[in-house]
Amino acid sequence: MPEYEVLALKYAWRPARRASLFIGGDPHDADAIMDYYIWVVRAEEKLYLIDTGFNQDMAAKRGRTLLRSPVAALGLVGVDALAVREIVITHFHNDHVGGFDSFPNARFHIQDDEMAFATGRHMRHERFARPYEPDHVGGLVRLVYENKVVFHDGDEEIAPGLSLHRIGGHTMGLQAVRVHTRRGWLVLASDASHYYEHFETGRGFPLVYHVGELIAGYAKLLQLASSAQHVVPGHDPLVLHRYPPVSEALRGIAARLDAEPINA
Ligand SMILES: [Zn+2]
């Protein structure tokens, strides 16, 4: 079984209030930060990109601070966008799929339910449609016609030691990624848990399709991972504090998730 190297790369951030991060708010409202990541999973000649982030157009439109484009972030760890052939899209929200057209040689692994959700009846409603961009969704539909989309339904292994798991909740087809590493089974939760606090305390992020699936998803994440310390949330600044940097120069930018946490 391969032991993959797994990297978290931060490409953008925005300020937030804690009350906006939890269903029902938070009694200790205070300033918070939402970080935006993409993830790299690699072993020898194999390379998988998990999500594609967004570019300056989305940052400007939605008031985020782009620190570096996802392609530039990948360049910092020696990954050439043109060499990326396998991409997992955890869900189609703009911050996860916005950079899809930067990878012309890739095929995209998605869940059936996410395509159905993003192109179906629920998108008539602003509360569900807001994080999606019709141009991104349309672009993915175009890729279907170019036979560059691999559809998955539920739990599927896409390579030895690398599998996809539909969690749902946040969106209808949200999928998490389970990876075999030298320290055991790591789970990239993406937005199945935006922050550590969500799965640790059983609270939900307010932007949600199905609250029951969201909360049930935390148990599934924990079941898939070797321990709670092997679950990596999708937007938490703590990720870059809990894991060692790829190099001193990349502190605060790129972390090694297959290494033992240093501040857990
Ligand atoms: Zn997100």
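Reply: Let us begin with a definition that we shall need: a salt bridge is a side-chain nitrogen of Lys or Arg within 4 Å of a carboxyl oxygen of Asp or Glu. Please keep in mind that this is a predicted model.

Me: With which residue does Lys 148 form a salt bridge?

Reply: The cut-off for such a pair is 4 Å between a side-chain nitrogen of Lys or Arg and a carboxyl oxygen of Asp or Glu. The closest N and O atoms of the pair are 4.0 Å apart, and Lys 148 is partly exposed, with a relative accessible area of 26%. The partner of Lys 148 in this salt bridge is Glu 146.

Me: How many salt bridges does a search of the whole structure find?

Reply: One of them joins Arg 17 to Asp 29, with 3.2 Å between the closest N and O atoms. This pair links distant parts of the chain, since Arg 17 lies in strand S1 and Asp 29 in the loop between S1 and S2, twelve residues apart. For the whole structure, the search gives a total of 21.

Me: Is Asp 258 buried or exposed?

Reply: Asp 258 forms a salt bridge with Arg 182, and the closest N and O atoms are 3.1 Å apart. The two residues are 76 residues apart, with Asp 258 in the segment after S13 and Arg 182 in the loop between strand S10 (175–181) and strand S11 (184–190). Both belong to a network of salt bridges that also includes Glu 5, Arg 42 and Arg 256. Because a residue under 20% relative accessible area counts as buried, and Asp 258 has 3% relative accessibility, the answer for Asp 258 is buried.

Me: Which strand is joined to S1 by twelve bridges?

Reply: Strand S1 (residues 5–17) is mostly covered, with ten of its 13 residues buried. S1 pairs in the antiparallel sense with strand S13 (residues 254–256) over three bridges, and two bridges join S1 to strand S4 (residues 65–66), again antiparallel. In the pairing with twelve bridges, the strands run antiparallel, and Val 6 has Val 41 as its bridge partner. The strand asked for covers residues 31–43 and is S2.

Me: How much space lies in the largest pocket?

Reply: The largest pocket is lined by 26 residues, and those nearest its centre are Arg 64, Arg 130, Pro 131, Phe 205 and Leu 207. The elements that give two or more residues to this lining are S2, helix H3 (94–97) and helix H5 (126–129). The space in the largest pocket is about 450 Å³.

Me: What is the area of the nonpolar surface patch that includes Ile 215?

Reply: Ile 215 is in helix H8 (residues 211–224). With a relative accessible area of 33%, Ile 215 is partly exposed, and therefore passes the requirement of over 30% for residues that make patches. Together with Ile 23 and Val 211, Ile 215 makes a nonpolar patch of about 220 Å².

Me: What distance separates the C-alpha atoms of Thr 90 and Ala 189?

Reply: Thr 90 is found in the loop between strand S5 (86–88) and H3, and at 1% relative accessibility Thr 90 counts as buried. Along the chain, Thr 90 and Ala 189 are 99 residues apart. The separation of their C-alpha atoms is 8.8 Å.

Key: Residues numbered from 1 in each chain as written. Predicted model: local features only at pLDDT ≥ 70, side-chain atom pairs only at ≥ 80, totals over all residues. Heavy atoms only, no water. Patch = residues over 30% accessible without salt bridge, like charges linked within 9 Å, V, L, I, M, F, W, Y side chains within 5 Å. Areas by Shrake-Rupley, 256 points an atom, 1.4 Å probe, with all protein chains shown as cover. Helix = DSSP H or I, 4+ residues; strand = E, 2+ residues; numbered from the N terminus. Buried < 20%, exposed > 50% of the residue type's maximum accessible area, 1.4 Å probe, protein only. Pairing = 2+ DSSP bridges. 1 Å grid on protein atoms, 1.4 Å probe; cavity = no way out; pocket = protein on both sides within 12 Å on 5 of 7 lines; lining within 4 Å. Points joined across faces, edges and corners; volume = space filled by probe spheres on them.
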